[in-house]
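Biologist: Before we discuss details, please display the sequence and the model. I shall then ask about individual elements in turn.

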Amino acid sequence: MKEADKKNNDVIILGIESSCDDTSAAIIRNGFLLSNVIASQAVHSAYGGVVPELASRAHQQNIIPTVSEAIKRAGIQKEAISAIAYTRGPGLIGSLLVGNSFAKGFATAMNIPMIEVNHLQAHVLAHFIKEENEPAHIPEFPFLCLLVSGGNSQIILVKAYNDMEIVGQTIDDAAGEAFDKCAKVLGGPYPGGPFIDKLAQEGNADAFSFSKPHIAGFDYSFSGLKTSFMYFIRDELAKNPQFIEERKADLAASIQKTVIDVLMDKLRKAAKQYGVKRVAVAGGVSANSGLRAAFQQHADKYGWDIFVPKFSYTTDNAAMIAITAQFKYFDAAFDSIDSVPFSKVVI
Ligand code: KG4
């Protein structure tokens, strides 16, 4: 099978993602996605956040069944795989070690190269995944990408797959963190972004206004906004204990609008300064319907060519790891068998 694929010059990449609380495996053949399996870990919901020790243990349990399922759904033999890619970081070190160790074992057993992938670069490059029978809208370099997740809020100038410049980033909380913390104040679950998003659709976004941060350049700050939201609610509850219940949807819509305005104001300025009209969004918060609508409005008003991922590529997934690895495969940018994961943010 491998020989046959080699004759066809097929490049088949198995991607593994295990940076946080999702174990995922995906197969990409010549840039086209064949399978993308994600095993989510329900165990954390009872704790209001991800418990690293539990995440590592769940990855250990999930990794082999997830990879087997991805290979099965792709309809290939494991011998056909050209290279194995895995998330090297950033993320939870115990979780990353599971993917790293699995990749080492698989690469050694199959005698194929191993490719390390930066999780944040992969979120950006998810826009290059192609699917059979679906029109592909793929950005040309250079483009700007707003990367917004639970741990990051960055504006990235993407000059090439391996040349990304962070032109702005949060100096404190990430946008997703702001959504999560505000949702908690409103009595919502973790993660709180989808809860705020859903409530906001029934609320008036102009009902309340919250002061926006004044930060120089293209950097963000969300901690002051979160604090002013908490103090505002505390003061209103002192006057009316039913305040949250009576105004929940308006509160969600107003805080969501403020976060989106802050994100888009800086992104718009960055697009102008760098003279770029191709603008992408990536990361967990890119699932937000208000943010998606704001992108469309900017496309209509400023002539932006926008790149908004499918919902399945907004959260952590191995398809983005595999597509990133495909770029590296063609450059023979292979990993060494003794490489170790890194937990901190680097791009
Ligand atoms: O990229 P991601 O899945 O995980 C990492 O942070 O690595 O992002 C998770 C974040 C959480 O803060 C979650 O609340 C947020 O994405 N999120 C959303 C929505 N869906 C997920 N935020 C706003 N609206 C959503 N629909």
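Modeller: A hairpin of two residues joins strand 7 to strand 8; strands (E, at least two residues) and helices (H or I, at least four) are DSSP runs numbered from the N terminus. The model is predicted, so local features need pLDDT of at least 70 and side-chain atom pairs pLDDT 80 or more, while totals for chains, interfaces and linings use all residues. Residues are numbered from 1 along each chain as its sequence is written, and side-chain values use heavy atoms, without hydrogens and water.

Biologist: In which sense do strand 7 and strand 8 pair, and over how many bridges?

Modeller: Two strands pair if DSSP finds at least two bridges between them. Strand 7 covers residues 153-160, and its V158 has M164 of strand 8 as bridge partner. The pairing of strand 7 with strand 8 is antiparallel, over six bridges.

Biologist: Is D163 buried, partly exposed or exposed?

Modeller: D163 lies in strand 8, residues 163-169. Buried means under 20% relative accessible area and exposed over 50%, with partly exposed in between (1.4 Å probe, protein chains only). Because its relative accessibility is 34%, D163 counts as partly exposed.

Biologist: Which strands are the edge strands of the open sheet?

Modeller: The open sheet has five strands in the order 8-7-6-9-10, with mixed pairing. An edge strand pairs on one side only, and this applies to strand 8 and strand 10 (305-307).

Biologist: What angle does the direction of helix 9 make with that of strand 9?

Modeller: Helix 9 (residues 289-302) packs on the sheet, touching strand 6, strand 9 (278-282) and strand 10; contact means heavy atoms within 4.5 Å. Axes are lines fitted to C-alpha atoms, for helices over the stretch in contact, and angles run from 0 to 180 degrees between N-to-C directions. Between helix 9 and strand 9 the angle is about 180 degrees.

Biologist: How much of the ligand's area does the protein bury?

Modeller: 19 residues surround the ligand, the closest being G150, D180, D197, G284 and N288; such a residue has a heavy atom within 4 Å. A ligand nitrogen atom is 2.9 Å from a side-chain N or O atom of N288, and a ligand oxygen atom is 2.9 Å from a polar backbone atom of G284. Taken alone, the ligand exposes 560 Å² (Shrake-Rupley method, 1.4 Å probe), and the protein buries 84% of that.

Terms used. A polar contact is a pair of N or O atoms within 3.5 Å; within protein, one must be able to donate a hydrogen and the other to accept it, and residues adjacent in sequence count only if both atoms are side-chain atoms.
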